[in-house]
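Student: I'd like to walk through this structure with you, one piece at a time. Could we begin with how its strands pair up?

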Amino acid sequence: MTISDQTTTSSRLGSYDPFAPVDDAALQQKSRDHLWMHFARHGANQAGADVPIMVRGQGHHVYDSHGKEYIDGLSGLFVVAAGHGRKRLAEMAAKQAETLSFFPIWSYAHPAAIELADRLADHAPGDLNKVFFSTGGGEAVETAFKLAKYYWKLRGKPMKHKVISRAVAYHGTPQGALAITGIPAMKQMFEPLAPGGFRVPNTNFYRAAEMGFGGESEEEFGYWAAERIREMIEFEGPDTVAAVFLEPVQNSGGCFTPPPGYFQRVREICDEYDVLLVSDEVICAFGRIGTMFACDTYGFVPDMITCAKAMTSGYSPIGATIISDKLFEPFSHGDTTFYHGYTFGGHPVSAAVAMENLDIFEEEGLLQNVQQNAPLFKAELDTLRDLPIVGDVRGDGYFYGIELVKDKATKTTFDDDESERLLRGFLSKALFDAGLYCRADDRGDPVVQLAPPLTIGQPEFREITSILRSVLSEAWTKI
C-alpha cells in the first residue's frame with residue numbers, strides 16, 4: 001500500500017453505515033475485487049455476473065440490495081432461530097460491549113461466560129455439566145475430537161484415538177473435524193488429514209436397501225444401522241476407538257432422522273466397548289427439532305454435545321462443547337491442563353447475546369411453537385409427494401429435506417452431470433428468484449433443504465410449499 005493509498009483509506013474510515021442507501025454497483029465491484037466467498041464458485045462472478053447482496057432482515061424475511069423480499073427458508077444457515085431484526089439482541093450486544101468488550105477465558109472468567117455455561121449445563125441432559133466455549137460449530141467438533149483422544153490417554157488407553165462417523169455426514173472444515181466428515185469430495189484436496197476417521201452407513205431409510213439392509217421396518221433398520229457401528233468398533237479394535245460422532249438428524253444428504261431405537265442401541269454399544277458418544281448438535285440444538293437439545297427428543301444421553309449456530313440466533317458468533325463430569329474428572333485435580341482454546345471462545349458479547357436469545361426462547365415459547373406446528377409443516381411438505389420429481393420428504397421439527405429423483409417407482413437418482421444442471425443450473429436460482437432462500441444440495445443424492453426460523457407457522461408453511469410446488473414442477477419439465 002502506498003502513502004496515497006493510506007491517505008485514501010484513512011479518509012474512508014468510519015464510512016460504513018448499515019442504514020445508508022446501498023450502491024449496488026460499487027459493492028458488486030468491491031466484491032469481485034476483494035471478497036472470497038465461502039463454498040463458492042467465483043468464475044461467473046469474476047467474469048461479471050452479479051452476486052446476491054443481502055442488506056436487511058426482518059422476521060422470517062431478508063431483503064437484497066435491490067429491495068426484493070425473500071422468505072428465509074434456511075434461517076441463514078440453520079442459524080437465525082428467533083428471526084431477523086431483533087433489536088433487543090442488538091441492544092444487549094451494545095450494552096455488553098460498553099461494559100466489557102473482551103477478555104479471554106484463558107485461566108480467567110467473566111460473568112457472561114459463567115452465566116451462559118450455567119444455563120447450558122442446566123438444559124443439557126445427564127451429567128453434562130462442563131462447557132468449553134469456541135466461536136463456531138467446526139471448532140466445537142474439533143474440541144470434542146481432541147478432548148476424546150486426550151481423555152483416553154489420561155485413562156491409560158493411549159491407543160484409543162480413532163473416531164467413527166456416518167457416510168455423507170458433515171462435521172466441519174478444520175483439519176480434525178474434516179477427518180470426521182464423511183464426504184470424500186470435500187476432503188481430497190486437503191489430504192493428508194488427521195488420521196483415524198472411519199465411516200459407517202447413515203440412517204437414510206429411503207435408500208436403506210442400497211446400503212445392504214434386507215429388512216422392511218424402520219425399527220429393524222435402526223438396529224441394523226447401529227450394529228454397523230458395533231461391527232466397525234470390533235473390526236478396528238475397541239482399544240483403538242475413542243468416540244462415535246453422530247448428528248441426531250443428519251444434515252448432509254438431506255435430513256436423515258434416526259429410526260426408532262437407533263440411538264438407544266448405539267448408546268449400549270458405546271458403553272459395552274468403552275467408547276465415547278458425541279451428539280453433534282451444531283444444527284439440531286436450540287429448538288430446531290423442538291427441544292433445547294435434540295438428544296432429549298430421541299431419548300439418549302451422550303458424553304458430549306457440540307453446538308453453535310442458533311445459540312445466539314446468529315447475532316454474534318459462538319460455539320460450545322458440553323462435556324460430562326466423567327470426561328472432566330481427570331482435569332479436576334492436580335495440574336493436568338487441556339492445552340486447547342480459542343481467543344474469542346466465550347466472548348463476552350456473544351455470551352451475553354446468547355443469554356438474551358435464550359430469554360426470547362422462553363418468553364415466546366419457541367420450543368413449544370415448533371412442537372405444536374411441526375406436524376403442520378410436515379403435512380404441508382408431504383403434499384409435494386404427488387410431484388413426479390419428489391422421491392422422499394423427510395425430517396423432523398423445523399428441519400426437512402426433499403429428495404429429488406428421475407423415477408419414483410425405481411428411486412433412480414440423477415447422475416453428476418444431471419445434478420449439476422438441475423441444482424446449480426436451474427433450481428438454486430429459480431427458487432431464489434421465486435422469493436425463497438433455501439438450499440439445493442448435492443452432497444448426497446439431490447435434495448432441497450428447509451430450516452426456517454422457529455417463529456413461523458401455518459401461513460408461512462403454505463407460502464413455502466406453494467413456491468416449491470411451482471419451481472419443482474417446472475424443474476421436472478427440464479429433465
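**Strands, a helix and some rings**

Tutor: In this predicted model, strand β12 (residues 399-404) pairs with strand β15 (residues 447-450) in the antiparallel sense, and the two are joined over four bridges. Within this pairing, Gly 401 stands opposite Gln 449 of β15.

Student: What is the order of the strands in the open sheet?

Tutor: The open sheet has four strands in the order β11-β12-β15-β14, and their pairing is antiparallel. β11 (390-396) and β14 (439-441) stand at the edges with a single partner strand each, so one side of each has no neighbour in the sheet. On average, neighbouring strands of this sheet are turned by 20 degrees against each other, if direction is ignored.

Student: And which strands does helix α15 touch?

Tutor: Helix α15 (residues 416-433) packs on the sheet and touches β12, β14 and β15, and its direction makes about 170 degrees with that of β14. Helix α16 (residues 458-477) lies across β11, β12 and β15, and runs at about 165 degrees to β15.

Student: How many residues does α16 have, and how far does it reach?

Tutor: α16 has 20 residues and reaches 29 Å from its first C-alpha to its last, which is close to the 28 Å expected at 1.5 Å a residue. Several of its residues are buried, including Phe 461, Ile 464, Leu 468 and Val 471.

Student: Switching to rings now, how many aromatic pairs are there in the whole structure?

Tutor: A search of the whole structure finds 20 aromatic pairs. One of them is formed by Phe 377 and Tyr 398, which are edge-to-face at 5.7 Å centre to centre, with 65 degrees between the planes. Phe 377 lies in helix α14 (residues 366-382) and Tyr 398 in the loop between β11 and β12, so this pair ties together parts that are 21 residues apart in sequence.

Student: Is Tyr 398 buried or exposed?

Tutor: Tyr 398 counts as buried, because its relative accessibility is 0%. Tyr 398 also forms an edge-to-face pair with Phe 461, at 5.5 Å centre to centre and with 85 degrees between the planes. That pair links distant parts of the chain, since Tyr 398 is in the loop between β11 and β12 while Phe 461 is in helix α16, 63 residues apart.

Student: Last topic, then: where is Ser 279?

Tutor: Ser 279 is in strand β8 (residues 276-280), and it is buried, with a relative accessible area of 1%. Leaving aside residues up to four places away in sequence, Ser 279 touches several residues, among them Leu 246, Cys 295, Phe 300 and Met 304.

Definitions and conventions. Residues are numbered from 1 along each chain as its sequence is written. This is a predicted model: local features need pLDDT of at least 70, side-chain atom pairs count only at pLDDT 80 or more; totals for chains, interfaces and linings use all residues. Side-chain values use heavy atoms; hydrogens and water are left out. Buried means under 20% relative accessible area, exposed over 50%, partly exposed in between (1.4 Å probe, protein chains only). Contact means heavy atoms within 4.5 Å. Two strands pair if DSSP finds at least two bridges between them. Axes are lines fitted to C-alpha atoms, for helices over the stretch in contact, and angles run from 0 to 180 degrees between N-to-C directions. The expected span of a helix is 1.5 Å times one less than its number of residues. Rings of Phe, Tyr and Trp (its six-membered ring) pair if their centres lie within 6.5 Å; planes under 30 degrees apart count as stacked, over 60 as edge-to-face and the rest as tilted.
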